[in-house]
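Please look over the sequence and the structure shown here. A short report on the fold follows them.

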Amino acid sequence: MRILILLAIGLLLYIIFRNLYRQIKNERQIEQASKMVRCELCGLHLSEEEAIQKNHHYFCTIEHLESYLQQK
Ligand SMILES: [Zn+2]
């Protein structure tokens, strides 16, 4: 009976660690896939492809780009 409990615990730990490993692996793949940039105006993080770039600055929306340019 004790062996069964140990086996069950071992299996549970195996499943938990496997899921954790997969999560870490997936997060790393996402990071590598797209560089993260920050909106100059509101500080929102978004991927480089989604962001609007202007003079080496990044913005989340056209509106934020325009209001940033108006501030200057
Ligand atoms: Zn923004």
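## Basis of the model

This is a predicted model, in which local features need pLDDT of at least 70, side-chain atom pairs count only at pLDDT 80 or more, and totals for chains, interfaces and linings use all residues. Residues are numbered from 1 along each chain as its sequence is written.

## Layout of the chain

The protein chain has 2 helices and 4 strands, in the order α-β-β-β-β-α along the sequence. Its radius of gyration is 22 Å, well over the 11 Å that the globule rule gives for 72 residues, so the chain is more spread out than a compact globule. Helices (H or I, at least four residues) and strands (E, at least two) are DSSP runs, numbered from the N terminus. The radius of gyration is taken over C-alpha atoms, and the globule rule is 2.2 Å times the number of residues to the power 0.38.

Along the principal axes, the C-alpha atoms fill a box of roughly 75 × 20 × 15 Å. The chain is divided into domain 1 (1-33) and domain 2 (35-72), with bounds from an automatic or database domain assignment. The centres of these domains, taken over C-alpha atoms, are 38 Å apart.

Of the 72 residues, 8% count as buried, that is, with 20 or more other C-beta atoms within 10 Å of their own, the C-beta atoms being placed from the backbone.

Technical notes
A residue is buried if 20 or more other C-beta atoms lie within 10 Å of its own, exposed if 12 or fewer, and partly exposed in between; C-beta atoms are placed from the backbone.
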